Amino acid sequence: MKKSTGSIFMVFIAAIFLAIGLKSCKKEENPIKFPVGAFPDSVIKLPDINSEYDDYNLDIHEINGNYALIFSSNRGSAGGQFDMVQGMLEFNFSQTSGEFKMNAAITQSAFYTKLLSKANTGGNDFGPLTLFSSVDGYEYMVLSSVNPAGNLDLYYLKNRPVFNNNSPDVIGPFPVKYLNSSSDEAYLSFNINQDTAYFTSDRSGNFDIFLHKKPADTSLDTWFNQDFSGSISVDSVNSSSDDKCPQVSKKIMVFTSNRPGGLGGYDLYYCIFRKGKWSSPLNFGPGINSSSDEYRPVTGYHPQFSNNFLMFSSNRPGGKGGFDLYFTGFKFP
């Protein structure tokens with residue numbers, strides 16, 4: 001017996017609802033395949049930052065999710081005098097594909113233009129450090145500049161914190177009397193509690209890394225302006241060669257050295273703070289170091305990535321010329 005047209009229509013409607021029901025019960029595929037990112041372990045050049053001249057001695061400072069870059073360059077004098085230059089770094093990754101993207105460029109922010117116009121001197125200026133002190137509520141910049149006697153001394157500038165587009169007044173530069181000697185001093189760094197300062201000096205004959213304790217409740221400018229006091233050599237790190245550019249990030253110290261056993265010239269090393277002492281230095285290896293010079297390493301961390309990033313300068317072949325700035329990822333033990 002033939003089915004009526006109405007019955008056929010009802011069967012058709014039921015089939016549609018059944019298909020919709022089955023589809024709604026099917027679990028949708030989660031588009032997030034990479035909940036955290038990973039900085040690539042390949043060494044990346046910064047073509048929109050680097051020049052045909054020397055670009056090195058980088059410092060990074062996080063601002064609103066991006067990173068302000070301040071570094072030494074002799075581009076402004078066509079290879080002569082070194083001054084501070086500003087730039088910006090930003091990066092992200094896709095949680096669907098894991099693809100890492102990075103952008104770095106020279107910038108001209110109003111505040112950093114003001115800061116660097118005061119920081120740059122008539123001589124060479126190296127090794128910037130920017131930090132905020134919770135003790136007095138000031139932001140500081142410390143750099144190493146040539147003093148009237150022809151040696152490198154540490155100098156500092158300070159300003160009220162930068163918010164949005166404000167451009168607070170900057171005072172300085174003033175000498176860091178507490179650490180400066182008749183030798184060369186450069187590349188200041190602090191631990192996370194700002195109660196220990198690390199820096200480079202050749203007061204012992206060659207360049208070594210020294211430390212000096214700071215009372216945690218003392219403001220930086222008060223501490224800087226005390227009369228000179230001798231510092232402690234970090235013997236577990238130093239060698240009979242030149243050891244420079246310490247940067248401390250939590251339990252990790254990175255630095256550069258031309259000690260024997262490296263890949264050539266200056267290499268990058270790291271050591272770990274364990275049981276109240278810095279471990280013996282470890283070479284970053286051929287994935288980062290080369291037969292050329294690698295200089296002034298700086299590490300950074302971002303909570304959305306599983307490893308650290310490392311920025312440094314090198315005069316290896318393949319750059320734009322002289323020292324260039326580079327970026328890579330690294331997983332510390």
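Residues are numbered from 1 along each chain as its sequence is written, and side-chain values use heavy atoms, with hydrogens and water left out. Because this is a predicted model, local features need pLDDT of at least 70 and side-chain atom pairs count only at pLDDT 80 or more, whereas totals for chains, interfaces and linings use all residues.

**Exercise 1. Strand β11 and its partners**

Task: Determine which strands pair with β11, and whether its residues are buried or exposed.

Solution: Start with the terms: helices (H or I, at least four residues) and strands (E, at least two) are DSSP runs numbered from the N terminus, and two strands pair if DSSP finds at least two bridges between them.

Next, take the partners in turn. Strand β10 (residues 185-190) pairs with β11 in the antiparallel sense over four bridges, and phenylalanine 190 stands opposite alanine 197 in β11. The hairpin of β10 and β11 has five residues between the strands, and glutamine 194 in this hairpin takes a positive phi near 55 degrees. On to β12, which runs antiparallel to β11 and is joined to it by six bridges, with threonine 200 opposite isoleucine 209 in β12. The hairpin formed by β11 and β12 has six residues between the strands, and glycine 205 in the turn has a positive phi of about 115 degrees.

Finally, consider burial, where buried means under 20% relative accessible area, exposed over 50%, and partly exposed in between (1.4 Å probe, protein chains only). Six of the six residues of β11 are buried. In a regular strand the side chains alternate between the two faces of the sheet. In β11, Thr196, Tyr198 and Thr200 point one way, while Ala197, Phe199 and Ser201 point the other way.

**Exercise 2. The second largest pocket**

Task: Describe which residues and elements line the second largest pocket.

Solution: On a 1 Å grid over the protein atoms alone, a pocket is an open set of points where a 1.4 Å probe fits, with protein on both sides within 12 Å along at least five of seven lines, and lining residues have an atom within 4 Å of a point.

The second largest pocket has 20 lining residues, of which Thr196, Tyr198, Lys213, Phe273 and Trp278 lie nearest its centre. Two or more lining residues come from each of β11 (196-201), β12 (208-213), β13 (232-233) and β17 (277-278).

By type, the lining divides into eight nonpolar, six polar and six charged residues, where Ala, Val, Leu, Ile, Met, Phe, Trp, Tyr, Cys and Pro count as nonpolar, Asp, Glu, Lys and Arg as charged, and the others, Gly among them, as polar.

**Exercise 3. A buried glycine**

Task: Locate glycine 329 and decide whether glycine 329 is buried or exposed.

Solution: Glycine 329 lies in strand β21 (residues 324-330), and with a relative accessible area of 6% glycine 329 is buried.
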